[in-house]
Each structure stands twice: as structure tokens, then as C-alpha cells.
Amino acid sequence: MVLLPLPKDSVGRQDCMSILTLKDRLARYLRKNNDWIASGDIQRIVAEKTTYSPQNVGRRMRELQNEGVVEVKYVKNHAHYRFKLQETWEQKNARAVRMFEQMPG
């Protein structure tokens, strides 16, 4: 059996299933550092460690926000992001009970 070499990406690295996308890496970073982090700081960190542009980072962060993975707040017109905390089962249940109690009838 002959194994074919994996295709290479634009930077010459071998492409494989274990390589995380930028969006996955950002979500993982924010999950580990569960505090508000300025968008500019995230862009600087990514620029130092990878070849991704700050514009690309901003787009991926907005995609994560639209998907409900991260929260965003604006301080003096600058975005700050953090990983969105997931509801526990008890919190979901309590919310459902409150919604049921508010129903007319």
C-alpha cells in the first residue's frame, strides 16, 4: 500500500485533519482565558504567532459572536470578547419554569 503525501497549504505546511482553523483556535483561547479580552490584543497575539491578518481575526471573532460562541461588549468603541458561559441544566430548567409560569391561562 502506497501512502500519498498530504497536500500542502499556501505556506508549505502539510495539511491534515489535526490542524485547527483560526476560528477554532480563537474559541479555544477564549475558553481557557475566560475574561474580557480586547480585540486589538487578540489580533496582536495572533499576528505574533501566525500569518493571519488582523482583518481575518476580526472576521472570525464576529462569526463566533454570530454563532453564539463568544460574547462581545464595546468599551469606547472597541470590541472586547469573552467565551460565552454555557447554561447549566438547572439554569435552563429554571428559565423554562419561569416561561411556563408567565404563560396566560
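Predicted model: local features only at pLDDT ≥ 70, side-chain atom pairs only at ≥ 80, totals over all residues.
How many bridges join strand 2 to strand 3? Six, and the two strands run antiparallel.

Residues are numbered from 1 along each chain as its sequence is written, and side-chain values use heavy atoms, with hydrogens and water left out.

First, the overall layout. The protein has four helices and three strands. From the N terminus, the order is α-β-α-α-β-β-α. Helices (H or I, at least four residues) and strands (E, at least two) are DSSP runs, numbered from the N terminus.

Strands pair if DSSP finds at least two bridges between them.

Lys-73 has His-80 in strand 3 as its bridge partner. The hairpin has two residues between the strands, and Lys-76 takes a positive phi near 50 degrees there.

Next, helix 2, residues 39-49. Which of its residues are buried? Ser-39, Ile-42 and Val-46. Buried means under 20% relative accessible area, exposed over 50%, and partly exposed in between (1.4 Å probe, protein chains only). The three cover an arc of only 65 degrees around the axis, which puts them on the same side of helix 2. That arc is taken from the directions from the helix axis to the C-beta atoms. The face turned away from the buried side carries exposed Arg-44 and Glu-48. The buried residues of helix 2 pack against helix 1 (22-32), strand 1 (37-38), helix 3 (54-66) and strand 3 (78-83). Contact here means heavy atoms within 4.5 Å.

On to the core. A nonpolar core is a set of buried Ala, Val, Leu, Ile, Met, Phe, Trp, Tyr and Cys residues joined through side-chain atoms within 4.5 Å. The largest one has 14 residues, and Leu-26, Leu-30, Ile-42, Val-57, Met-61 and Tyr-81 touch the most other members. Helix 1, helix 2, helix 3 and strand 3 each give two or more residues to this core. The largest share, four residues, comes from helix 1. Leaving out residues up to four places away in sequence, Val-57 touches Leu-22, Leu-26, Ile-42, Gln-43 and Val-46.

Is Gln-65 buried, exposed or partly exposed? Partly exposed, with a relative accessible area of 31%. Not counting residues up to four places away in sequence, Gln-65 touches Val-70 and Val-72. Gln-65 and Phe-83 are 18 residues apart in sequence and 9.2 Å apart in space, C-alpha to C-alpha.

Finally, the whole protein. Of its 105 residues, 19% are buried.
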